[in-house]
Amino acid sequence: MSKLKILGIIPSRMKASRFPNKPMVKILGIPMVAHCFERGLLSKLVDEVYVATCDKEIFDFFKSHNGKVVMTQDSHNRASERTHEALHL
C-alpha cells in the first residue's frame, strides 16, 4: 500500500487590502512568503510545500529559487479558494 502524500499549500497574493505587497516585504533580507515556505519545509508532517499565487512577482521569485509554486486565477475572494484551485492543478 502506498503512503498518501501530504502537501502544504501557502496561498499568497500582493493585493491584500490591509497590507498590500506583504508577501514580498523583506524580513532580514528575505521576503515574508519565503520565510513561510522555508518553515513549511521544516515540518515533519508534510511531504511537499507549494506556494499558490496569482502574482507574477511571487511566481517568478519562487521559480528563480527552485521553489515549488503554482499560478492561480486572480479572481479568488478567499485564501481557501486559491488553495483549492492549486490542489487541483
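Reader: Which residues of helix H3 are buried?

Author: In this predicted model, local features need pLDDT of at least 70, side-chain atom pairs count only at pLDDT 80 or more, and totals for chains, interfaces and linings use all residues. Residues are numbered from 1 along each chain as its sequence is written, and side-chain values use heavy atoms, with hydrogens and water left out. Buried means under 20% relative accessible area, exposed over 50%, and partly exposed in between (1.4 Å probe, protein chains only). In H3 (residues 79-87), a DSSP run of H or I with at least four residues, Arg82, Glu85 and Ala86 are buried. Seen down the axis of H3, these residues fall within an arc of 100°, taken from the directions from the axis to the C-beta atoms, so they line one face of the helix. On the other side, Ser80 and His84 are exposed.

Reader: How is a pair of aromatic rings described?

Author: A pair is described by the distance of the ring centres and the angle of the planes. Rings of Phe, Tyr and Trp (its six-membered ring) pair if their centres lie within 6.5 Å; planes under 30 degrees apart count as stacked, over 60 as edge-to-face and the rest as tilted. The structure holds two aromatic pairs. Phe61 and Phe62 form an edge-to-face pair, at 5.2 Å centre to centre and 90° between the planes. Ring pairs link Phe37, Phe61 and Phe62 into a cluster.

Reader: Why does Phe62 count as buried?

Author: Phe62 counts as buried because its relative accessibility is 3%. Phe61, at 18% relative accessibility, also counts as buried.

How values were computed
Helix = DSSP H or I, 4+ residues; strand = E, 2+ residues; numbered from the N terminus.
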